[in-house]
Amino acid sequence: MTTLMAMGKILTGQIAIVTGASSGIGAATAVALARAGVDVLLAARREDRLAAVARAVESVGRRACVVAVDVAQPGSERLLLDAAERHFGRFDVVFANAGYGLERDVHLTDERDLRALFEVNFFASVALLRESARRLRAAGRGGHLLMCSSCLSKFSLPGHGAYAASKAAQESICRAMRFELLPYGIEVASVHPITTTTEFFAESAARSGLRGGTVPEHAPRWAVQPPERVADAIVDCLRNPRSEVWTSEIVRLSAALFNACPWIFDLILRREARRRARQLAHEAADAAGAPRH
Ligand SMILES: NC(=O)c1ccc[n+]([C@@H]2O[C@H](COP(=O)([O-])OP(=O)(O)OC[C@H]3O[C@@H](n4cnc5c(N)ncnc54)[C@H](OP(=O)(O)O)[C@@H]3O)[C@@H](O)[C@H]2O)c1
């Protein structure tokens, strides 16, 4: 009895939709879901990469359906849900995970880049969960909706203001949706990964016109995790629903402390601002071929 309660809800036979499933957290979640007995619709732009993840899902005995789509395109949410209903007959779980980072000071970020970031991270995720909620409510059998936010939804960092704002907006809307949909048996959760070893940093650097692109060198080892860790936490949340999915209690508690005592965070950020200024100056000097000081 105790073991059954710890295991939580049985997921076998459920149908999930995962966006951003061609790499990183989305791909790992699709495979973890399949291992938990869930069939998965995989969505992203790179079809070849989705096909490889589909093979991994099928290799553990579950069905996969691939939909190549840019989630920022209007109507992409209907396309995905229609595809799931056509292919599997229904859907139970939707994970709006597709997203990207931008590392640039806010005053240097132009309107077009800011809006493009929000189109993918925020508006596309909201459109998908909103339409999913309408269909699940009409079907009357409950369901589970998740959005991939970030630990940065709780505290912003220099150079990550636009990205953190998009993630805070995601968290905020999830919290309201959670209580709006509770009477209909539909669970909603936001996911708050810490630094995760995916293509995120390379993609973010490329978009931001920066060099590098691996996990930040200054990130402490304990604060870096593989995408499978997030995937397992998401599966656990489906079995035992909660409002927020975290994989680091230290970061979660630090975020709470920073919000309660902003002056502590200010002290830390002053040091970070100086470190970042030195790094940017070195990079600019390197780019110009000048000697470092
Ligand atoms: N990695 C981290 O440290 C970290 C930390 C906190 C939160 N997160 C969040 O985790 C989520 C997944 O990121 P990740 O770390 O797994 O990075 P990733 O490996 O770069 O994966 C991003 C996924 O999003 C998809 N995507 C991006 N733009 C898209 C678009 N316009 N249409 C459809 N799909 C799109 C990409 O697929 P295609 O390129 O094939 O379209 C890819 O599958 C993101 O929302 C990110 O903000 C990541």
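Select Ser190 to begin; its place is in strand E6, where strands (E, at least two residues) and helices (H or I, at least four) are DSSP runs numbered from the N terminus. This is a predicted model, in which local features need pLDDT of at least 70 and side-chain atom pairs count only at pLDDT 80 or more, while totals for chains, interfaces and linings use all residues. Residues are numbered from 1 along each chain as its sequence is written, and side-chain values use heavy atoms, with hydrogens and water left out.

**Ser190.** Ser190 counts as buried because its relative accessibility is 3%; buried means under 20% relative accessible area, exposed over 50% and partly exposed in between, with a 1.4 Å probe and protein chains only. Show the side chains of Ser190 and His192, which are joined by a polar contact of 2.8 Å. A polar contact is a pair of N or O atoms within 3.5 Å; within protein, one must be able to donate a hydrogen and the other to accept it, and residues adjacent in sequence count only if both atoms are side-chain atoms. Not counting residues up to four places away in sequence, Ser190 touches Met147, Ser149, Glu171, Cys174, Ser243, Glu244 and Val245, contact meaning heavy atoms within 4.5 Å.

**Val245 and the cores.** Move on to Val245. With residues up to four places away in sequence left out, Val245 touches Leu146, Ala189, Ser190, Val191, His192, Ala233, Ile234 and Cys237. The largest nonpolar core has 36 residues, of which Leu33, Leu42, Phe95, Leu146, Val191 and Val245 touch the most other members. Such a core is a set of buried Ala, Val, Leu, Ile, Met, Phe, Trp, Tyr and Cys residues joined through side-chain atoms within 4.5 Å. Colour the elements that each supply at least two residues of this core, including strand E1 (15-19), H2, strand E2 (39-44) and helix H3 (47-59). H2 gives the largest share, eight residues. Apart from this core lies another, of 29 residues, with Ile17, Val67, Val126 and Leu128 among them.

**The ligand.** Select the ligand next; 29 residues surround it, the closest being Ser22, Arg45, Arg46, Tyr163 and Thr198. A residue is near a molecule if one of its heavy atoms lies within 4 Å of it. Polar side-chain atoms lie 2.6 Å from a ligand oxygen atom in the case of Arg45, 3.0 Å in the case of Lys167 and 2.6 Å in the case of Thr198. Taken alone the ligand exposes 870 Å², and the protein buries 95% of that; accessible areas come from the Shrake-Rupley method with a 1.4 Å probe, and for residues only the protein chains shown count as cover. Helix H2 (24-35), helix H6 (161-181), strand E7 (195-196) and helix H7 (200-208) give two or more residues to the shell around the ligand.

**Three further stops.** Gln225 is in strand E8 (residues 224-225) and is buried, with a relative accessible area of 2%.

Ser76, in helix H4 (residues 76-88), is buried at 6% relative accessible area. Leaving aside neighbours within four places in sequence, Ser76 is in contact with Val69, Asp70 and Val71.

Finish at Leu108, in the loop between E4 and helix H5 (111-139). Leu108 counts as exposed, at 55% relative accessibility. Its C-alpha atom is separated by 9.6 Å from that of Gly159, 51 residues apart along the chain.
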